[in-house]
Amino acid sequence: MPLIRIDLVEGRTDNELKTLLDAAHDAMFDAFHVPAGDRYQIVQEHPASRMIIEDTGLGFARTAKVVVVQVTTRPRPRDQKVDFYARLARYLQERCGVDPADLMVSCVENTDEDWSFGFGRAQFLTGEL
C-alpha cells in the first residue's frame, strides 16, 4: 500500500521508466514485505531547470539522471527503511545505471485512517483490508 512518487529529469524512454518502476517496486516488496499486487507508483518528469537537488554538503555531485523518490506509507521500523534505501540504490544502479549519488529518498508516514482505495471508504478502518 505504500504510494511511491518519483520525480526525475525528462528524457527517459518508456522502457527505461518501466525498468525504474519495477526496480522501485521490487525494493519495496523485498524490504517492506508488501503483497506483490500492492503497487501504487506515480512518475513526474521535469525539465532539467525545474529540478535542483543538491548534495546537502555531503561532497558529491548529482547528474541529469537524478531520481527523487517519496514514499508515503504506514509507519515502518527503522531497519526496514534502511533496507529499502540500500536495496533501491542497488537495484537502480544494477538495472538502470543510476549512480547511488543520484538517488534521494524521503519516507512520509501516515496511519490507516489516511487511506481510501476507492468508493469513498477507508478500507483499513472498515476491515476490507
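Which residues have the most contacts inside the largest nonpolar core? In this predicted model, they are I6, V69, V71, F84, L88 and L92, and the core has 25 residues. At least two core residues come from each of strand 1, helix 1, strand 3, helix 2 and strand 4 (103-109). Helix 1 gives the largest share, with 9 residues.

F84 shows how parts of the chain meet around one side chain. With neighbours within four places in sequence left aside, the contacts of F84 are A24, A27, M28, A31, F32, V71 and V105. Of these contacts, A24, A27, M28, A31 and F32 are among the buried residues of helix 1.

**Helix 1**

Helix 1 covers residues 14-32, which is 19 residues. From the first C-alpha to the last, helix 1 reaches 26 Å, close to the 27 Å expected at 1.5 Å a residue. Its buried residues are L17, L20, L21, A23, A24, H25, A27, M28, A31 and F32. The cover over these buried residues includes strand 1 (3-9), strand 2 (40-46), strand 3 (67-73) and helix 2 (78-96).

H25 belongs to helix 1. H25 counts as buried because its relative accessibility is 8%, and the cut-off for buried is under 20%. Apart from neighbours within four places in sequence, H25 is in contact with P35, A36, D38, R39 and Q41.

**The cavity**

H25 also takes part in lining the largest cavity, together with P2, I4, M28, D38, R39, Y40 and Q41. Three residues of this lining, D38, R39 and Q41, are also contacts of H25. A search of the whole structure finds 1 cavity of 30 Å³ or more, and the volume of the largest cavity is about 40 Å³. Helix 1 and strand 2 are the elements that give two or more residues to its lining. By residue type, the lining divides into 4 nonpolar, 2 polar and 2 charged.

**Exposed loop residues**

| Residue | Loop | Relative accessible area |
|---|---|---|
| I52 | between strand 2 and strand 3 | 67% |
| H33 | between helix 1 and strand 2 | 59% |
| F119 | between strand 4 and helix 3 (123-126) | 74% |

Why does I52 count as exposed? I52 is exposed because its relative accessible area is 67%, and exposed means over 50%. I52 and R62 are 10 residues apart along the chain, and their C-alpha atoms are separated by 9.6 Å.

H33 follows helix 1 and has a positive phi near 60°, although H33 is a residue other than glycine. F119 is not a glycine either, and its phi is positive, about 65°. Most residues other than glycine have a negative phi. H33 counts as exposed at 59% relative accessibility, and F119 counts as exposed at 74%.

**Summary**

M28 of helix 1 is buried, is in contact with F84 and lines the largest cavity.

Conventions
Residues are numbered from 1 along each chain as its sequence is written. This is a predicted model: local features need pLDDT of at least 70, side-chain atom pairs count only at pLDDT 80 or more; totals for chains, interfaces and linings use all residues. Side-chain values use heavy atoms; hydrogens and water are left out. Helices (H or I, at least four residues) and strands (E, at least two) are DSSP runs, numbered from the N terminus. The expected span of a helix is 1.5 Å times one less than its number of residues. Buried means under 20% relative accessible area, exposed over 50%, partly exposed in between (1.4 Å probe, protein chains only). Contact means heavy atoms within 4.5 Å. A nonpolar core is a set of buried Ala, Val, Leu, Ile, Met, Phe, Trp, Tyr and Cys residues joined through side-chain atoms within 4.5 Å. On a 1 Å grid over the protein atoms alone, a cavity is a set of points where a 1.4 Å probe fits but cannot get out, and a pocket is an open set with protein on both sides within 12 Å along at least five of seven lines; lining residues have an atom within 4 Å of a point. Grid points are joined across faces, edges and corners, and a volume is the space filled by probe spheres set on the points. Ala, Val, Leu, Ile, Met, Phe, Trp, Tyr, Cys and Pro count as nonpolar, Asp, Glu, Lys and Arg as charged, and the others, Gly among them, as polar.
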